[in-house]
Amino acid sequence: MATDEREGGSDRIETVEADDVDAADILGSAIERQEDPSLLTGEAEYTDDIQLPEMTHMAMLRSQYAHARLADIDTSEAEEMEGVVAVFTAEDLDVSGALPVGWDLDSLRNVDNPIMVEDRIRYQGDVLALVVAEERYQAHDALDAVDVEYERLEAVTDPSDALAEDAPVIHEEEGTNEAFDWDIGDADDTEAALEAADNVVELDVTNQLLIPNAIEPRAVVADYDPSDDLLDVQMTTQNPHVHRLLMAGVIDHPEHRMRVRAPDVGGGFGSKIHHYADEALVSWAAKQVERPVKWQATRTESYLTDAQGRGHETHGEIAVDDDGTIRGLYVDTKANLGAYLSTFSPSIPTYLYGTLLSGQYEIDNIYCEVTGAYTNVVPVDAYRGAGRPEASFIIERLVNRAADAVDMDPAEIRKKNFLDPDDFPYETPVAMEYDSGDYHKTLERAMEAVGYDEFRERQEQAREEGRYLGIGFSCYIEACGIAPSELVGELGAGAGLWESGLVRFTPSGTVRAMSGSSGHGQGHDTTFSQILANELGVDYDDIEVVEGDTDAIPQGMGTYGSRSAAVGGSALVESARKVVEKARKIAAHQLEADPEDVEFEAGEFQVAGAPDRSTSIQDVSLEAYLAHDIPDDMEPGLEATTFYDPSNFVFPFGTHVAVVEVDPDTGEVAFEDYVAVDDVGNQINPKIVEGQIHGGIAQGVGQALFEGAEYDDNGQLVTGSMQDYAVPKSFHVPEMETESTVTPSPENPLGVKGVGEAGTIAAPQAIVNAVVDALEPLGVDHIEMPLTNERVWRAAGGGDD
Amino acid sequence: MERTIELTVNGTDHQVTVEPRTLLIHALRDEMGYTGPNVGCESSVCGACTVHVDGEAVKACTELAVRAEGSEVTTIEALGDEDDMHPLQESFQEEHGLQCGYCTPGMVMTAAVFLEEEPDPDRAEIREALEGNLCRCTGYQNIVNAVESAAAEMAGAVEPATDGGTAVEEGGD
């Protein structure tokens, strides 16, 4: 089946072995992942599995308090303890030691972000001292012997509180906790649209702080060779080259004498994009002790340092006429940035949020203002979805409220305001140009799958029986593969957002391909091999994909923002096509034909109309390296590199529908059904697409019902362990019915969009809309996430007596 | 303080010197080199460290190594190798029951003991059995599918029909 015709159904997708797939069908087949056997047998090597000769272990002392002055620190006792190799504090640092931020905004108040603090502690994750010891336990023991004197300061954890006049100021030199004030859209036109509309509906929501929870905690093994001044770092990273660049600056090590590798990486969800203090300190310490140093975060340390996600307090207003036409949208958001700016944090609540507020709708007037606030919580940055879930949540909740206000069905009001397929490309009032879409199709498929009309009858009957069923729609849009680089530079990015891909034939006709993206569970080895097998006509098993090594791979940008297929995959396609063009010239030379007359199909070059005059790409590869008989003006060898810079974002979309039953007496929410109809463009491997959607939904379910990073008034993380923070368990996540439509992206040669974040963006508002719909007879019109039993029970009137 | 204990890991006898507080997971990983089981939470919640001790699924991050003295410990490394995987390992691959793989060794080891006790579970029972193993990548559905189809495979039964779906050709073997 050609991928552009694939329309996935709801039946379980069966995987196949690559050997059983015809070469012509390799792209688009649900091939079993080649990554799996090593992961399933314990052969995989994660960072903490690495053992090096003479290796030491490192542990870091974090702060007991979220906001304090470091009055005194005494490490003398720790230094004397058994097995301790070295103890360091900020005064030992002989490097610049400040973490950079990779995105600037006009109004941004950038602040110093030291890798060890000397004076002022701004959140619990700040590093006060580090210990290098012979053994893991010894390093942790020595931490306990470090004597610290704190002078505690008043803390602030909510962005609104932090922006109040009398709030304790976290970065005193700035005199305010306001990190930036940013807006997008036309304020006057939007105000006029709100005034002119028949109705304006308001809603205040908190999009709570979340902890990413990769099951593998972050880890680093650094090894320094003083004779060559070479620093070899293996670490949990989603972007080794970005880490190398940033770390080189932080610890003043020449970038060209640094190697950063990603061994197997146990999930990231954004948390392994950013460059953290601890990572730089491990590398710096390895240079000090001139022995390999290993560190893996404890889970509590992860919770105190992994950049958290969301953290918005938002006031939204939607203007809607009595016939259901949406006239305008006004959004005012206070965004929690935490104690410091993390690597890409300024971009998340701005360009990845405000620009998505048009959703799937034609809304002529949108204005969004965002104020970023420093607080005493863990720095906030990209977590799966990163800005787009927050945008989708406020729109889809407001659209539901608008439907209530004009007494319209929630599906009908969506259809009335959807962009139509012939509206594309479509420029929104918030600076995005959508590439393609068919929003009616995904909503209608979802309504059919869930049996919408029948559900409403059932709901009515149930209500008569005193049972509360509800249905919730989420028609979401996502923007992936943020691009092109020139534009993101204008918007403030400190990096380009292209990707590299190198395709190299060996003389024996097999292929090694290098990608600057860096998978950590997504199955890139499998999908990229499928792409290249299709392009090159080479056996799937004759292709090896290499990622995650700055020594082996051209400069790359990494894996985040659902960009790897659209940007990294496209880089490989372009390189494969360059290789084929060179090979075609060699083949033509050997076949004594004009290159224009040489056709390439399924790995064979053939002179048009002369089937006996042919040669394989493998034979051409050998000729290219022998170089005995290639065209005069040609260099030997057969490889090509592409730095692919997309022309635009790509825009996946879809409709998710949750059907729930709520027990108002207990506040319990039970799923009756969960349907996801997603359009992620062409699918390279439908099974992997399904897996990404499933996993994304599970994290969205987590946000809707269970998860939330909670701090007390002193800035202490109350949900500081897995026993306190509710990562969804197996029985918390519903059975999901996934379907797909396919609207190929016109922006890239694969026609792919992106799938990594879709489920997480879509799910929360589908679930909240469903619960609110269920409890509508009890007068419930909003409940804040997470919809814990207690919150639902209280919203339903529990405890009112 | 240190003492030497004897235990069998994956059929090999080991003598290892540990502190009274040394956790079984660290003895296995750092002292004996069995890095299949992973550390995820140090608090018995995530289950990435699950191994078998005398046939029971145990979270090795909250078990003292000294308590395993004289025990037979089995880690994921002994369940099957890449060329000869256990039916559970095969079904996890076929059903795409793993993504990053970090939770997978523990997930598979928990499922292995569960299927010995309950060879023909329904989906709700599988979900209940896996409640002590967290996965952040898959959303669990394909893990449940994997355990369900492994149970069928191990019982020697024919493959269960998918939810009303048409049978898809299975190639080769």
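Which residue is the bridge partner of A222(A) in β10(A)? I looked this up before anything else. The partner is V233(A). I note at the outset that this is a predicted model.

**Entry: the strands around β10(A)**

Strand β9 of chain A covers residues 219-225, and strand β10 of chain A covers residues 230-235. The two strands pair in the antiparallel sense, over 6 bridges. Their hairpin has 4 residues between the strands.

Next I asked which strand is joined to β10(A) in parallel. I found strand β11 of chain A, residues 258-261, linked to β10(A) by 4 bridges. One pair I wrote down is L231(A) with its bridge partner M258(A) in β11(A). Helix α6 of chain A, residues 240-250, also belongs in this picture. Together, β10(A), α6(A) and β11(A) make a β-α-β unit, and I recorded its hand as right-handed.

**Entry: cis peptide bonds in chain A**

I then turned to peptide bonds. The bond from F424(A) to P425(A) is cis, with omega near -5°. I located P425(A) in the loop between α10 (410-417) and β16 (426-427) of chain A. Another cis bond joins M785(A) and P786(A), where omega is about -10°. P786(A) sits in a loop too, between α18 (758-774) and α19 (789-795) of chain A.

I looked at A431(A). This residue is not a glycine, yet its phi is positive, at about 75°. I placed A431(A) in the loop between β16 and β17 (433-434) of chain A. Is A431(A) buried or partly exposed? I count A431(A) as partly exposed, because it has 15 C-beta neighbours inside 10 Å.

In chain B I looked at D54(B). Its phi is near 50°, again a positive value in a residue other than glycine. D54(B) belongs to the loop between β3 (50-53) and β4 (56-59) of chain B. I list D54(B) as exposed because it has 12 other C-beta atoms within 10 Å.

**Entry: chain B as a whole**

How many helices and strands does chain B have? I read off 5 helices and 5 strands. Along the sequence their pattern is β-β-α-β-β-β-α-α-α-α. The radius of gyration of chain B is 17 Å, close to the 16 Å that the globule rule gives for 173 residues, so I call chain B as compact as a globular protein of that length.

I also took down the spans of the C-alpha trace of chain B along its principal axes, about 65 × 30 × 25 Å. Of the 173 residues of chain B, 54% count as buried. I looked at contacts in chain B between residues at least 6 apart in sequence, and 58% of them join residues at least 24 apart.

**Entry: where the chains touch**

Last, I went to the contact between the chains. I noted 53 residues from chain B and 53 residues from chain A in the contact. On the side of chain B that touches chain A, α1 (24-31), α2 (87-94), α3 (104-117), α4 (123-129) and α5 (141-154) each supply at least two residues. Which element gives the largest share of that side? I found α2(B), with 4 residues. Sorted by class, the side of chain B that touches chain A has 19 nonpolar, 23 polar and 11 charged residues.

Conventions. Residues are numbered from 1 along each chain as its sequence is written. Chains are lettered from A and ligands numbered from 1 in the order in which they are written. This is a predicted model: local features need pLDDT of at least 70, side-chain atom pairs count only at pLDDT 80 or more; totals for chains, interfaces and linings use all residues. Two residues are in contact if their C-beta atoms, placed from the backbone, lie within 7 Å. Ala, Val, Leu, Ile, Met, Phe, Trp, Tyr, Cys and Pro count as nonpolar, Asp, Glu, Lys and Arg as charged, and the others, Gly among them, as polar. Two strands pair if DSSP finds at least two bridges between them. A crossover is right-handed if, with the strands pointing away from the viewer, the path from the first strand over the helix to the second runs clockwise. A residue is buried if 20 or more other C-beta atoms lie within 10 Å of its own, exposed if 12 or fewer, and partly exposed in between; C-beta atoms are placed from the backbone. The radius of gyration is taken over C-alpha atoms; the globule rule is 2.2 Å times the number of residues to the power 0.38.
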